[in-house]
Amino acid sequence: MALDLDTLGLSATVTAEGISAPDYQTILTTITGYFKQIYGTDAYLEPDSKDGQMVALVSLAIHDANNTAIECYNSFSPTTALSDALSRNVKINGISRKAAVNSTVDLTLTGTGGTTITNGSVKDANGVIWNLPTTTTILTTGTVTVTATCNQSGAVSALAGSVTKINTPTLGWVSVTNASEATVGRSMETDAELRIRQAQSVALSSLTPFDALDGAIANVTGVTRHKLYENDTESKDSNGLPAHSIAAIVDGGDVNVIAETIRSTKGQGVTTYGSTTITAYDKYSNPHPISFSRSTEVPITVNITLLAFTGYNTVIGAQIKQAIADYINGLGIGNSVYLGRLYSAANLSIGTDSTNINYYDVTGMQIGRGGSASAGNVKINFNESAICTVDDITLTVSS
């Protein structure tokens with residue numbers, strides 16, 4: 001019987017649920033079954049046989065290879081990575097594993113003024129050694145205060161008044177004591193502690209709370225466009241925002257989700273400003289009125305005059321209208337419509353077929369708010385958005 005070695009099913013596999021592999025006993029049973037297919041069902045494969053030991057070795061090799069693959073896979077996530085792999089992972093977040101910190105204690109040394117102590121050390125009541133700075137000089141007053149570092153790493157404590165023994169006698173140095181207890185050190189940061197700190201680090205805004213809020217609003221389901229304003233001055237600004245406030249102009253998305261997003265992300269003490277006010281609640285059920293606005297749409301009227309050349313047709317005219325409408329609709333919230341910039345769209349520099357520009361010349365253009373048009377720019381307020389349809393555009397063609 002031929003063996004189909006592609007269907008052993010003994011290797012580690014990655015699925016939507018993650019990585020998995022059969023356990024050792026499953027591997028051993030499968031390999032044993034194939035061995036008996038080759039050499040007969042009467043083959044003796046108990047642990048005391050040579051063939052049994054060989055099958056066990058092959059099974060263990062497969063099992064070890066699977067475990068290595070699983071460990072390699074898990075090392076790419078800070079949630080499952082261990083030791084050095086975890087230390088490498090968190091560097092992406094701009095942090096590193098905290099090294100072991102030795103305990104420190106402030107000591108008062110007494111002796112003859114001018115006495116220099118080199119590589120000195122002292123002992124506490126438990127016989128633990130505390131190292132002085134490389135060079136310490138007693139002041140003319142007969143005392144000096146220095147910080148000594150524990151010779152042992154980790155959380156070593158020392159009560160006030162317990163560090164009183166001179167470990168390296170030096171002529172002119174008489175006594176030592178600590179008026180306060182030691183600052184306890186710590187061992188190297190564990191994997192569990194580092195994972196917690198890594199999670200906290202990514203919860204912080206990468207730049208500022210303003211940028212974090214801007215990104216959070218952008219990620220609210222249903223939001224099509226938005227713009228965030230801030231007034232960090234002591235008085236009302238030109239947009240009417242009160243002092244120390246933010247104004248979010250948001251189109252699309254659920255109002256309650258938007259309000260909760262603003263409440264949970266904005267900086268403390270920052271007032272929200274807008275035409276829509278929703279009450280959001282914190283985890284203590286305290287109410288927080290959150291204000292924001294939907295943008296007010298401003299229809300833009302456009303009048304264009306063209307000089308047509310040979311080859312111009314109504315299809316090109318439709319392309320011009322569509323290109324202008326698309327440009328205006330793409331301006332976003334709070335962006336004014338500048339007449340000069342519309343010429344690029346009208347000349348199909350922003351459009352489907354820029355070669356059609358050879359068939360006409362734009363001789364004039366006027367724009368305005370809903371109905372009226374003039375040869376000037378259209379100012380759009382911070383909480384407004386310009387909109388335009390092809391029906392808002394009038395095309396006058398001459399030859």
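**Notes on the model**

1. Helices H5 and H6 are roughly antiparallel to each other, the term being used for angles over 145 degrees, against under 35 for roughly parallel, 65 to 115 for roughly perpendicular and oblique for the rest. The axes of H5 (residues 209-218) and H6 (residues 255-265) come within 9 Å and cross at roughly 160°. Axes here are lines fitted to C-alpha atoms, for helices over the stretch in contact, with angles from 0 to 180 degrees between N-to-C directions. The crossing of H5 and H6 is right-handed, that is, the near helix is turned clockwise from the far one by less than a right angle.

2. On the H5 side the contact (heavy atoms within 4.5 Å) is made by Pro209, Ala212, Leu213, Ala216 and Ile217, and on the H6 side by Thr261, Ile262 and Thr265. By class, this contact of H5 with H6 has 6 nonpolar, 2 polar and no charged residues. Nonpolar covers Ala, Val, Leu, Ile, Met, Phe, Trp, Tyr, Cys and Pro; charged covers Asp, Glu, Lys and Arg; the others, Gly among them, are polar.

3. This is a predicted model, in which local features need pLDDT of at least 70 and side-chain atom pairs count only at pLDDT 80 or more, while totals for chains, interfaces and linings use all residues. Residues are numbered from 1 along each chain as its sequence is written, and side-chain values use heavy atoms, with hydrogens and water left out.

4. The axes of H7 (residues 314-329) and H8 (residues 339-346) come within 8 Å and cross at roughly 135°. H7 is therefore oblique to H8. The contact is made by Ile320, Ala323, Ile324, Tyr327 and Ile328 of H7 with Arg341, Leu342, Ala345 and Ala346 of H8. Its residues divide into 8 nonpolar, no polar and 1 charged.

5. The chain has 8 helices and 19 strands, taken as DSSP runs (H or I, at least four residues; E, at least two) numbered from the N terminus. Its radius of gyration, over C-alpha atoms, is 38 Å, well over the 21 Å that the globule rule (2.2 Å times the number of residues to the power 0.38) gives for 399 residues, so the chain is more spread out than a compact globule. The C-alpha atoms fill a box of roughly 105 × 95 × 50 Å along the principal axes.

6. Asparagine 89 lies in helix H3 (residues 83-90). Is asparagine 89 buried or exposed? Asparagine 89 is buried, at a relative accessible area of 13%; buried means under 20%, exposed over 50% and partly exposed in between, with a 1.4 Å probe and protein chains only.
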